[in-house]
Amino acid sequence: MAIALNTLVEEADRYLNASRIQDYCPNGLQVEGRPQVSRIVTGVTASQALLDAAVEAEADVVLVHHGYFWKGENPCVVGMKQRRLKALLANDISLLAYHLPLDLHPEVGNNVQLARQLDIIVEGPLEPDNPRTVGLIGSLAEPMTARDFARRVREVLGREPLLVEGDRMISRIGWCTGGGQGYIDQAIAAGVDAYLTGEVSEQTVHSARENGVSFIAAGHHATERYGVQALGDYLAKRFAIEHLFIDCANPA
């Protein structure tokens, strides 16, 4: 079964409330391909590896979290950008990308989906007075040590996380997928026992150590695999089309 590309885009935009969220890139249809869609390929980033795999899979649409045309980037279509766009245009494949709308969504969002993977009970936003905050606060069903929780992260995400071990058991936890290490101070102010994100900065370690909280960096790519899969599943079920998630491994 196939549906119109415009219908797919309109539903994804509506479902993610994309037009109301300010972002660093355009959300929605970034490259237009063939007008009918029967197969979607999803992935974290619209890298050349993902595009090549999508071509091989005979995809009509590539749906990602990290697309193109970021604020401040060189607008010239040369080099890597030219090769990527050429692969899409030459094969008549559309590119759909959702950044912050996919981080924030309460059902298919990256943060909610990671919580489900790690059995974290979502309690609310990282910043209670800011309903648009990207990060979340939640709790574990049973308190556990930082090392035991890091072990759970490793088993679920399939990679060894960086752990800065705090001085307490973990019951209340804050998290933000991807490059959310800058939110650690908000998490500490919220009274968490641990903070989980994708990346780490030099100052993050000091904040964790000096406040006695545990910090876990589990990988930008690894923590953001689940939202785009959930969105792809939603669209596939909604329109009775095919969906294939392709994971192009990234150690970052």
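This is a predicted model: local features need pLDDT of at least 70, side-chain atom pairs count only at pLDDT 80 or more; totals for chains, interfaces and linings use all residues.
Visitor: In what order do the six strands of the open sheet come?
Guide: They run S7-S8-S10-S11-S12-S9, and the pairing is mixed. Residues are numbered from 1 along each chain as its sequence is written, and side-chain values use heavy atoms, with hydrogens and water left out.

Visitor: Back to that sheet, which strands stand at the edges?
Guide: Those are S7 (120-125) and S9 (162-164), and because each has a single partner strand, one side of each is left without a neighbour in the sheet. From one strand to the next, the twist averages 25 degrees, with axes fitted as lines to C-alpha atoms (for helices over the stretch in contact) and angles between N-to-C directions running from 0 to 180 degrees.

Visitor: And how do S8 and S10 pair?
Guide: Strand S8 (residues 136-144) and strand S10 (residues 170-176) are antiparallel and share five bridges; glycine 138, for instance, has isoleucine 173 in S10 as its bridge partner.

Visitor: Which strands does helix H6 touch?
Guide: H6 (residues 146-157) packs on the sheet and touches S7, S8, S9, S10 and S12 (214-217), with its direction at about 110 degrees to that of S8. Contact here means heavy atoms within 4.5 Å. Helix H5 (residues 110-118) lies across S7, S8, S10 and S11 (194-197), and runs at about 145 degrees to S10.

Visitor: Changing topic, what is the order of the open sheet of five strands?
Guide: That one goes S2-S6-S5-S4-S13, again with mixed pairing, and its edge strands, S2 (28-31) and S13 (242-245), each pair on one side only. S2 and S6 (residues 94-97) pair in the antiparallel sense over three bridges, where leucine 29 has leucine 96 in S6 as its bridge partner.

Visitor: What does the domain assignment give?
Guide: The chain is assigned domain 1 (3-99) and domain 2 (105-222), with bounds that come from an automatic or database assignment. Their C-alpha centres lie 29 Å apart, and the contact takes seven residues from domain 1 and seven from domain 2.

Visitor: How much space is in the largest pocket?
Guide: About 330 Å³ lies there, and among its 21 lining residues the closest to the centre are Tyr24, Leu100, Asp103, Val134 and Tyr183. A pocket is an open set of points on a 1 Å grid over the protein atoms alone where a 1.4 Å probe fits, with protein on both sides within 12 Å along at least five of seven lines, and lining residues have an atom within 4 Å of a point.

Visitor: Why does the largest pocket lie between the domains?
Guide: Because domain 1 and domain 2 both give residues to its lining. H4 (100-104) and S5 (61-66) each supply at least two of the lining residues, and the largest share, three residues, comes from H4.

Terms used: Two strands pair if DSSP finds at least two bridges between them. Helices (H or I, at least four residues) and strands (E, at least two) are DSSP runs, numbered from the N terminus. Grid points are joined across faces, edges and corners, and a volume is the space filled by probe spheres set on the points.
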